[in-house]
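Work through the exercises below with the sequence and the model side by side. Try each task before reading its solution.

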Amino acid sequence: MRKAEAATTAPAGSSLRATRRTSLLVTLILGSLTATPPLAMDMYLPSLPEVTRSLDASAATVQLTLTACLAGMALGQIVVGPMSDKWGRRRPLLAGLAVYVVATALCAVAPTVESLVAFRLVQGLAGAAGIVISRAVVRDLYDGVAMARFFSTLMLISGVAPVVAPLIGGQILRFTDWRGVFVVLVVVGVALGAVVWAKLPETLPVAERHAGGVRDTLRAMRRLLADRAFTGYMLAGGFAFASLFAYVAASPFVMQEIYGASPQTFSLLFGLNSIGLVVVGQINGKILVGRVRLDRVLRLGLVVVIAASTVLLLMSLGVFGEVGLVPVAAALFVLMSAMGISLPNTQALALMRVRHSAGSASALLGTSSFLIGAVASPLVGIAGEDTAVPMAVVQLVAAVLALGFLVFLVGRRKGAEN
């Protein structure tokens, strides 16, 4: 039976390897898998006040529905990643999508806020399969410069999701209530599952899978963490992500309440910053990668983040006198754009260290980023509502730590230029 499975799996993987450079469909599938969890998070945001009234719950309790989904995405990756190393990519991915659809449908009919929190946790756990397995599939198919370029392409697709999701959610609410948002997410999940079933072959041959259980999984993760370079890239990516999370958590308050932007202006600036991240990500993939060493590009990105954070901090402290919205928005645009060369390259460089256990490696990368970001996000409001200093401090400290881990744990390695 195993030989028959290997015979079926290997040609599928080989066929995909042969056509991967021109397969737009595979790119769109992997991008959609990466984008689906952010859609589930952000499409729901405009409906929070309505959920509060509908379920007769406090705003703080309804906010737990977001926290539960985020926690599920973080923890789910550490579970699903090793499963994909043992059973291949397709089966855990299809199972995750099936559970995601069921959990999302239950969210649509949740009778109480407590049940909604529980269903959102399961939704996040299952949705994590798309994030972690899509990275593992990229590692199965690509290496070196090609992998870095593909991650930049994924950023183009998945980077649009957080921008358009609240806009889509707002339009859906014109025709239905908050439960209708989850119905739309169910339809998206079913459609994506059908496309994965029909069009995404298995990319991990049986011969390269790990037959061990939990103990072997933990041993594989321990080996990964013992690799100084992998850990350095993982922590660099995690703290870079923390700087991004600090922006997402604090920018609505900072730009609207402190610097006087209207909700429409804030939405426009948020969209421009996301466009900057995506465009620079494409410059990274199409122009820089292959011409400049990946580790140098990564360091450049982190240095720019540090510089932009420093300028933001000085403006927040009043060093330049009283500044308006435009200088602050410009500094945030530079910071967010630099993420376009920081985030994809940390993932590519870390996964270059892995020949096997790509699912476990992807899980460690994703979970560490979400957990570090989740810890950093609440710190942006630590000094109250009258200053942007905490946001700038968190961004600066996170970026300095990212560069520090890169320098001291990775150093200069020849493998970084491959």
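**Exercise 1. Find the residues where α5 meets α6, then describe the packing.**

Step 1. Pro92, Leu93, Gly96, Val99, Tyr100, Ala103, Thr104, Leu106 and Cys107 of α5 touch Leu116, Phe119, Arg120, Val122, Gln123, Ala126, Gly127, Ala129, Gly130 and Ile133 of α6. Contact means heavy atoms within 4.5 Å. Helices (H or I, at least four residues) and strands (E, at least two) are DSSP runs, numbered from the N terminus.

Step 2. Sort these residues by class. The contact of α5 with α6 holds 13 nonpolar, five polar and one charged. Here Ala, Val, Leu, Ile, Met, Phe, Trp, Tyr, Cys and Pro count as nonpolar, Asp, Glu, Lys and Arg as charged, and the others, Gly among them, as polar.

Step 3. Take the geometry. Helix α5 (residues 90-108) packs on α6 at about 155°, with the axes 8 Å apart. Axes are lines fitted to C-alpha atoms, for helices over the stretch in contact, and angles run from 0 to 180 degrees between N-to-C directions. The two helices are therefore roughly antiparallel (an angle over 145 degrees).

A note on the model: it is predicted, so local features need pLDDT of at least 70 and side-chain atom pairs 80 or more, while totals for chains, interfaces and linings use all residues. Residues are numbered from 1 along each chain as its sequence is written, and side-chain values use heavy atoms, with hydrogens and water left out.

**Exercise 2. Describe how α2 packs on α6.**

Step 1. Helix α2 (residues 24-42) and helix α6 (residues 113-141) pack at about 155°, with axes 8 Å apart. That makes α2 roughly antiparallel to α6.

Step 2. List the contact. From α2 come Leu30, Leu33, Thr34, Pro37, Ala40 and Met41. From α6 come Arg120, Gln123, Gly127, Gly130, Ile131, Ser134, Val137 and Val138.

Step 3. Count the classes: eight nonpolar, five polar and one charged residues make the contact of α2 with α6.

**Exercise 3. How many helices and strands does the chain have?**

Step 1. The chain has 16 helices and zero strands.

Step 2. Of its 418 residues, 56% are buried.

Definitions and conventions:
Parallel < 35°, antiparallel > 145°, perpendicular 65-115°, else oblique. Buried < 20%, exposed > 50% of the residue type's maximum accessible area, 1.4 Å probe, protein only.
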